[in-house]
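Biologist: I'm new to this one. Could you show me how to read its features?

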Amino acid sequence: MLGVIRHKTVRPTFSAFRHFSSSTKQQMTVRDALNSALDEEMSADPKVFLMGEEVGEYQGAYKISKGLLEKYGPERVLDTPITEAGFTGIGVGAAYYGLKPVVEFMTFNFSMQAIDHIINSAAKSNYMSAGQISVPIVFRGPNGAAAGVGAQHSHCYASWYGSCPGLKVLAPYSSEDARGLLKAAIRDPDPVIFLENELLYGESFPVSAEVLDSSFCLPIGKAKIEREGKDVTITAFSKMVGYALKAAEILAKEGISAEVINLRSIRPLDRSTINASVRKTNRLVTVEEGFPQHGVGAEICTSVIEESFGYLDAPVERIAGADVPMPYAANLERLAVPQIEDIVRAAKRACHRSVPMAATA
């Protein structure tokens, strides 16, 4: 697996994105951001390799690994059988040996097949070995609700993995997040859960020359304030950040200034940024696609109650998915995941604005 990087004549992948002035911003999809991050990290470090179902010949179920097999060869882009427990165990063993595997799950729902390796073998080894064993491995793939794929492909595992010591858990929203956080994850000496969103892969975001530089990397454990505000804090991660930003635009038209925090990192959680914002706005709305009980929002609420209770001017509002397995029918699916209007109503309640009742027939 430590095979030498193969020198082939291949088409340039992302160099075209870099030829513009630093003041200009280029559009880039989340898919391309992830692909370029993988490409650059594999080029920079021969210990990095990718493995998973259909990552090679098919170039990834979502085309995240497009062009990588051609460039790096089958020793570093490994197609695996449909056996998550098997190839995850191989990946953890390779990390024990000093390699840096990136293990792709076709959906994080399937990581349940390999959770023993992720938790017992990867997450706990550094502690149990008194720091003698590091496990530099990344587990990545789509997480949470997609569209019309049923309960066994729609579960959000942010709170599951976020509750486990020994893991770092990241959830990118934008192309900048995807590039910077994936690079950070691959370079990190500890196991990292990297939760992508299928519906965001094709979304384009503006990126600067700094983001496209091969040295670009985001710090793990640091949230980003996507929009500043003074009346209410809204925390979100992954796809819900976009919903929160759209809700903030609606609220602005009604005179409510919302501050939107993109968590980026679920574990470690940037409690200081969250609490500083709440101490400014005096109100909090948490947003997530996952289930409400024992969720990420519940942990954020606890942190604020413990550290900033005296600053709250209203009860904390939690927006989460319905407490049921994801329905398959499109109309029920929409009801089961948070919508923009849910965030708007929660922010209005926190700001003591009246929320009109649904019109009666």
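Modeller: Let's start with cavities: on a 1 Å grid over the protein atoms alone, a cavity is a set of points where a 1.4 Å probe fits but cannot get out, and lining residues have an atom within 4 Å of a point. Grid points are joined across faces, edges and corners, and a volume is the space filled by probe spheres set on the points. Keep in mind that this is a predicted model, where local features need pLDDT of at least 70, side-chain atom pairs count only at pLDDT 80 or more, and totals for chains, interfaces and linings use all residues. Residues are numbered from 1 along each chain as its sequence is written, and side-chain values use heavy atoms, with hydrogens and water left out.

Biologist: How many cavities of 30 Å³ or more does the search find?

Modeller: It finds 5 across the whole structure, and the largest cavity holds about 70 Å³ of space. Among the residues lining the largest cavity are Asn143, Cys156, Phe237, Lys239 and Glu289.

Biologist: Where does the largest cavity lie relative to the domains?

Modeller: Domain bounds come from an automatic or database domain assignment, and here that gives domain 1 (2-212) and domain 2 (224-353). The largest cavity lies between them, because both domains give residues to its lining. The domain centres, taken over C-alpha atoms, are 27 Å apart. Counting contact as heavy atoms within 4.5 Å, 31 residues of domain 1 touch 25 residues of domain 2.

Biologist: And how do I read two packed helices?

Modeller: You give the angle between their axes and the distance between the axes. Helices (H or I, at least four residues) and strands (E, at least two) are DSSP runs, numbered from the N terminus. Axes are lines fitted to C-alpha atoms, for helices over the stretch in contact, and angles run from 0 to 180 degrees between N-to-C directions. Helix 10 (residues 271-281) and helix 11 (residues 296-308) pack at about 65°, with axes 10 Å apart.

Biologist: Which residues does a cis peptide bond join?

Modeller: Arg267 and Pro268, with omega about 0°. Pro268 sits in the loop between strand 12 (265-267) and helix 10.

Key:
On a 1 Å grid over the protein atoms alone, a cavity is a set of points where a 1.4 Å probe fits but cannot get out, and a pocket is an open set with protein on both sides within 12 Å along at least five of seven lines; lining residues have an atom within 4 Å of a point.
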